[in-house]
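Subject: Structure for you to look at

Hello,

I am passing on the structure we talked about. Please open it alongside the notes below.

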Amino acid sequence: MRYLLAAAMLVLASVRPAPAMPQRIVSINVCTDQLLMALVEPERIASVSFLAADPATSVRWRQAAALHLNHGRAEEIMALQPDLVVAGTYAARATASILKKLGYTLLELRPAASIQDIRDNLLTLGQATGSLNQARKLIDVFDQRLERLRYPAEGTRKLFVNYALNGWTSGTGTLVADLAHHAGFDVAGDRLGFQGLGNVSLERLILLSPDLIDLGNDWADPPSLASQSQGHPALQSLLQRTAQVSVDEPLWSCGTPWTLDALAQLRQARDALE
Amino acid sequence: MTYPLLMIVLTVAVSAAFGVSLLTGPSDIGLAELMSSLGSAGADSTALILEEIRLPRAILGLAIGASLGLSGAALQGYLRNPLAEPGIIGISATAALGAVIAIYTGLSLAYPLALPILAIAGSVLAVLVLQLLVGPGGALSLILAGVALSSLAGALTSLALNLSPNPFAALEIIFWMLGSIADRSMDHVHLAVPFMAAGWVVLMTTARSLDVLSLGEETAGGLGVDLSRTRLLVVTGTAISVGAATAVSGVIGFVGLIVPHLLRPLVGHRPSRLLPASALGGALLLLLSDIGVRLLTPGTELKLGVLTALVGAPFFLSLILRHRSTYGL
């Protein structure tokens, strides 16, 4: 009888999730989706957001396609009976606050605005999902690669401008700026003095005379005025005398271990400018 | 002020505004640099900014302003209605709808001329609908029909842009509703200015008929004015010039209303003199407004139509007050 009871408890213990090891994790943000896929084995991921399966927004879209996809709505998340919900601090706010009110365990991660934020987010998520060791391992590899890619501090910084449609570009305090700094570049915000995203007119861009330009996604099909503005003769003329790089946007729209691929591209472009 | 003197003053003012427009922008480019770089075919930053960004902007400001002023004067003269203006009676809004269809379906990428042509088709359609709806001398019904037409065209424009899968399209509703000539290029100048100029020529040929028409339709008919021919010319000229203007700038309201009214007393109320004066006046007003949006809110520029409406809408209201008794409004 005692053995039977012990055996039953053993079975129970294996069925009920240990609090430190959530078994049905749901992520509702494309950035936390990718961090989750980097840290946690697929069997424990109950669902990721549909954006995680879109090649235009996610590095891990192939991996996500094999998982259950959600649209971040409270009802569909509840139906999944998650024991941990991971969200970003900006997107799907209403869903996050409902889930919190209903007593679900909710972890909110800030979007990475620096390379250090990537490490912090990996550690926080690793802690919450019981994959702290995996997080530490990833960060070790990450740091070694970062060290290899880093542009020497004594070198002079050139100017890199990521010039997205309608003139949006990165300022200081952004992930792109941190990556650019590590690759030996300033960004437009460093020279013009703005934080976060900023709007730079075509005329100002020409006066900045950047050393490297990334035009980003041109959204050309179907067309819009914004996409057609990339054909402006003044911009085309500037591009003829400026080096260009084309970083795959998911690499740095979210801070993930793969963000270093973007850094590698920038570093390579920086070396080519010598 | 005599008529020749007025024309000289307006011409000088337009030239000066054109020059100031070339000198206005985020970067400080002085007069000396302007002169030296306009002469040379250099590829340095200053030349690039002046020739490819500011020059097309100034040319479009001038041409679009002239189109709006001239067609406003012609419409008011032909309809003998002080409230007629391409923006108010819905011609600009339907032109914008035509332009939106050309751009967002990708048609204008394959055939650039589709942009001005569809916009012109839009304004022709508007004029035809207005003629169907409004009988002769119906000042109030013209404005009401125009409001309805503007709202419908505006709604269809919003619908088309909201349905576009391009994430930027919906934002561009603002451009089409309020108008702007920021960061337009020489391509737009080449595309639109020839059409606008053709429209001006057509409108100017109506000058004498409009003079006679101001004596009343019967008198004009008796004096040998072919009314249906005059109507065709006014309609065609307005549709071509306003259509082409709207295709590259979006809807810019009230210019065609304000300018003829301000100038009419100065030209002795003669339509034949009002037409060229309004073209210059419209060019001046639009150039000044476009300088204004750059100076008032540098960085995030106001749309042109915001500024012209801030001035134009109160002016429109005061006109209604003044003409209330005349038209039984």
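Predicted model: local features only at pLDDT ≥ 70, side-chain atom pairs only at ≥ 80, totals over all residues.

Domains of chain A. The chain splits into domain 1 (23–132) and domain 2 (158–273), and the C-alpha centres of these two domains of chain A are 28 Å apart. Contact between them involves 15 residues of domain 1 and 14 residues of domain 2. On the domain 1 side, α2 (30–39) and α6 (115–129) of chain A are the elements that give two or more residues. Of these, α2(A) supplies the largest share, five residues. By class, this side of domain 1 has nine nonpolar residues, five polar and one charged.

Helix α5 of chain A. Within α5(A), residues 93–101, the buried positions include A:Thr95, A:Ala96 and A:Leu99. These three lie on the same side of α5(A), because the arc they cover around the axis is only 100°. A:Ala94 and A:Lys101, on the other side of α5(A), are exposed. The packing partners of the buried residues of α5(A) are α4 (74–79), β4 (84–88) and β5 (106–109) of chain A. Just after the helix, A:Gly103 has a positive phi of about 90°.

Contact between chains. Here 21 residues of chain A meet 27 residues of chain B. On the chain A side, two or more residues come from each of α10 (202–208), α11 (225–228) and α12 (233–240), with the largest share, five residues, from α10(A). The chain A side comprises 11 nonpolar, eight polar and two charged residues.

Regards

Notes:
Residues numbered from 1 in each chain as written. Chains lettered and ligands numbered in written order. Contact = placed C-beta atoms within 7 Å. Helix = DSSP H or I, 4+ residues; strand = E, 2+ residues; numbered from the N terminus. Nonpolar A, V, L, I, M, F, W, Y, C, P; charged D, E, K, R; others polar. Buried ≥ 20, exposed ≤ 12 C-beta atoms within 10 Å, placed from the backbone. Arc of directions from axis to C-beta. Domains from an automatic or database assignment.
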